[in-house]
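Dear colleague,

I am passing on to you the structure that we spoke about, together with some notes on what I found in it. Please have it open beside you while you read.

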Amino acid sequence: MARALALAASVAGRTRPNPPVGAVVVRDGVTVGEGATMPAGGPHAEVTALSEAGDAARGGTLYTTLEPCCHHGRTPPCTDAVLRAGITHVIVATRDPNPLVDGGGVARLRDAGVAVEVGDGEEQARQLYAPFAHWVTSGRPFVTAKYAMTLDGRIATRTGHSRWVSGPEARRLAHRWRDTHDAILVGVGTVIADDPSLTTRLGNTEREPHHPLRIVLDSGGRAPLGARLFDPALPGETWVATTDRMSTDHAAALFERGVTVLTLPEDPDGRVALPALLDALGERERTSLLVEGGSAVLGAFFAARLVQRLRVFIAPKIVGGARAPGPIGDPGIATMDGAIAIEGAGMDTVGADWLIRAELYDPWPPHERTRDECSPVSSKSWAASAR
Ligand code: AOF
Ligand code: ZN
């Protein structure tokens with residue numbers, strides 16, 4: 001299962017909207033086939049592993065990080081491929097949170113006489129599939145809020161200087177998060193202040209980077225056309241999420257640079273309505289969104305309670321200053337009893353910095369709602385009825 005989880009991690013960020021799965025076929029103690037999920041429409045992990053194994057799969061064991069699917073989506077059910085291959089044991093890390101599967105794959109295999117065990121590597125698998133679980137059940141991307149602050153809670157000095165708060169190890173880890181996300185978002189204030197490129201840089205020792213879809217929240221069209229983000233030479237895509245307040249000339253100039261302009265409803269303060277943005281991203285099959293700031297944007301996401309996961313670097317340094325900004329902007333909470341409570345946070349050290357990790361919401365609480373048969377509906381008709 002460790003090998004299957006490593007295969008799954010190797011394709012994280014590259015399979016949307018499908019969850020990244022790893023599968024290994026073992027026969028008489030020898031690995032005879034391996035696979036990882038291909039981009040949507042391509043074969044699932046199990047199918048690749050089974051076809052690599054060929055006849056050697058007969059009587060063998062399949063390790064898979066996610067329950068084999070039993071429905072007809074873009075591809076046929078993996079359970080059929082498992083049965084055809086003559087596999088007699090299946091070890092699954094966790095059940096598929098997709099309501100079309102959700103236990104139906106395990107039930108289908110057991111009905112056919114295959115011995116199925118669920119739970120080996122479950123904790124790691126649940127971490128990996130939290131974004132997919134959230135998207136497939138809510139239709140919106142799973143939101144991770146990320147920021148780096150000093151020990152006195154500042155994300156920049158009083159002059160706005162912010163390069164860098166955290167050290168090189170923390171910044172490298174942040175690039176690995178970009179690598180596994182479907183989309184990344186900043187506000188127009190960050191574009192004006194920092195002129196970021198928001199690409200993924202993994203260093204030359206690792207794999208080919210995946211560049212998430214870059215999104216700028218810019219309700220009035222203030223981001224300068226010369227910003228790095230609008231350079232047509234950048235790898236991957238850039239979108240500007242805006243409202244009717246952006247002038248048509250500005251929208252046309254962005255379009256000319258290859259930028260997609262997404263015009264969305266306004267919230268009562270005249271900013272882009274975040275629920276509408278998340279719905280639009282979910283419909284376009286973006287399952288995970290990394291929100292990198294600045295404080296106005298993080299404030300809006302927290303105020304609307306739209307954050308699922310928190311990743312905070314704390315640098316052992318102090319800058320002070322009553323006007324030096326903190327990570328979460330207006331409006332803020334009035335009294336301590338209204339504070340957003342963070343439970344079960346964990347801490348690691350990353351270089352000289354601390355990393356606080358917390359889950360604000362479990363998209364996939366343990367539940368007994370296990371299907372005892374496969375769903376008769378196809379993904380398409382289910383997705384249509386869910387909206
Ligand atoms: C698996 N193995 O490697 C993955 C699975 O449209 P399709 O046919 O590609 O099916 C997508 C669904 O299959 C997806 O929503 C999830 O429930 C499951 N993903 N299942 O057996 C895999 N990626
Ligand atoms: Zn499948």
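Is Arg311 buried or exposed? Arg311 counts as buried, because its relative accessibility is 5%, where buried means under 20% relative accessible area, exposed over 50% and partly exposed in between, with a 1.4 Å probe and protein chains only.

Before going further, please note that this is a predicted model, in which local features need pLDDT of at least 70 and side-chain atom pairs count only at pLDDT 80 or more, whereas totals for chains, interfaces and linings use all residues. Residues are numbered from 1 along each chain as its sequence is written, chains are lettered from A and ligands numbered from 1 in the order in which they are written, and side-chain values use heavy atoms, with hydrogens and water left out.

Arg311 is found in strand 12 (helices, H or I with at least four residues, and strands, E with at least two, are DSSP runs numbered from the N terminus). Leaving aside neighbours within four places in sequence, Arg311 is in contact (heavy atoms within 4.5 Å) with several residues, including Thr144, Trp177 and Arg357. The C-alpha atoms of Arg311 and Arg357 are separated by 4.9 Å, although these residues are 46 apart along the chain.

Thr150, whose place is in strand 6, counts as buried at 3% relative accessibility, and its contacts beyond four places in sequence include Val165 and Ile314.

Five strands form another open sheet, again with mixed pairing, in the order 2-1-3-4-5. Strand 2 (30–36) and strand 5 (115–118) stand at its edges, each with a single partner strand, so one side of each is left without a neighbour. Strand 1 and strand 2 run antiparallel and are joined by six bridges, and Val26 stands opposite Thr31 in strand 2.

The largest nonpolar core has 35 residues, and those with the most contacts inside it are Val25, Leu50, Ile87 and Val90; such a core is a set of buried Ala, Val, Leu, Ile, Met, Phe, Trp, Tyr and Cys residues joined through side-chain atoms within 4.5 Å. Among the elements that each supply at least two residues of this core are helix 1 (2–10) and strand 1 (22–27). A second, separate core of 34 residues includes Val143 and Leu298.

Finally, there is a metal site to look at. The zinc ion (ligand 2) is coordinated by His44 (ND1), Cys69 (SG) and Cys78 (SG), at 2.0 to 2.2 Å, where donors are N, O and S atoms within 2.8 Å of the metal (3.2 Å for Na, K and Ca), and sites may look incomplete because water is not among the atoms. Why is the arrangement around the zinc ion (ligand 2) tetrahedral? The four donor atoms subtend angles of 96 to 123 degrees, and four donors count as tetrahedral if all angles lie between 85 and 135 degrees. Cys69 is buried, with a relative accessible area of 5%, and Cys78 counts as buried at 0%.

With best wishes

Technical notes. Tetrahedral: all angles 85-135°; square planar, octahedral: opposite > 155°, others 65-115°. Pairing = 2+ DSSP bridges.
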